[in-house]
Amino acid sequence: MSTMKNQSFQDRRAAAEAAKSALLEKFKARPASDSPEVLARQAERARITAEREKRAAEREKAKREEAERLEQERAAQAAAAEEAANAARRAKEENDQALIKQMLEYEAELKSKRDARYAARKARRG
């Protein structure tokens with residue numbers, strides 16, 4: 001049972017040296033940067049990165065296309081709404097014109113009846 005408190009300074013120093021040398025050996029055991037397996041890993045990472053960027057570009061393109069489609073749809077709906085409003089306005093104007101024409105005809109009829117009564121009264125008094 002050797003814990004840190006029971007170890008001497010020399011034991012701790014030796015353990016530290018052993019750890020450092022193990023790290024150094026691990027670093028030295030790494031393949032060189034121009035070795036085939038390192039180059040293969042780098043190529044694989046580059047391929048994965050390129051695929052990721054390609055997918056991101058495709059997603060952005062799809063988002064832009066969807067936004068354009070929605071904008072066109074909104075524009076078409078706005079044009080349809082404006083056309084419907086114009087049609088309703090034209091129908092109201094036509095209805096108003098017909099009503100005005102009807103009122104003028106009615107007033108002309110009343111005037112002609114009034115004039116006829118006036119002429120008949122004039123003829124009786126005569």
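**Charged side chains**

Glu83 and Arg90 form a salt bridge in which the closest N and O atoms are 3.4 Å apart, where a salt bridge is a side-chain nitrogen of Lys or Arg within 4 Å of a carboxyl oxygen of Asp or Glu. Glu83 is partly exposed, with a relative accessible area of 45%, and Arg90 is likewise partly exposed, at 38%; in these terms buried means under 20% relative accessible area, exposed means over 50%, and partly exposed lies in between (1.4 Å probe, protein chains only). Salt bridges that share partners also join Glu44, Arg47 and Glu51 into one network.

The model is predicted, and local features need pLDDT of at least 70, side-chain atom pairs count only at pLDDT 80 or more, whereas totals for chains, interfaces and linings use all residues. Residues are numbered from 1 along each chain as its sequence is written, and side-chain values use heavy atoms, with hydrogens and water left out.

Side chains of opposite charge can pair when their charged atoms come close. Glu51 and Arg47 are 4 residues apart in helix H2, so that about one helical turn separates them; helices here are DSSP runs (H or I, at least four residues), numbered from the N terminus. Both partners count as partly exposed, Glu51 at 34% relative accessibility and Arg47 at 38%.

A further pair in helix H2 is made by Arg74 and Glu71, which are 3 residues apart and therefore separated by about one helical turn. Their salt bridge has its closest N and O atoms 3.2 Å apart, and while Arg74 is partly exposed with a relative accessible area of 45%, Glu71 is partly exposed with a value of 45% as well. Over the whole structure, the search finds 11 salt bridges.

What, then, forms the positive surface patch? Its members are Arg114, Arg117, Arg121, Lys122, Arg124 and Arg125, a patch being made of residues with over 30% relative accessible area and no salt bridge, with like charges joined within 9 Å. One of these residues, Arg124, is found in helix H2, which covers residues 36–125, and Arg124 is exposed, its relative accessible area being 66%.

Key:
Patches are made of residues with over 30% relative accessible area and no salt bridge: like charges are joined within 9 Å, nonpolar side chains (Val, Leu, Ile, Met, Phe, Trp, Tyr) within 5 Å. Accessible areas come from the Shrake-Rupley method with a 1.4 Å probe; for residues, only the protein chains shown count as cover. Lys and Arg count as positive and Asp and Glu as negative; His and the chain ends are not counted. The place of a charge is taken as NZ of Lys, CZ of Arg, CG of Asp or CD of Glu. Helices (H or I, at least four residues) and strands (E, at least two) are DSSP runs, numbered from the N terminus.
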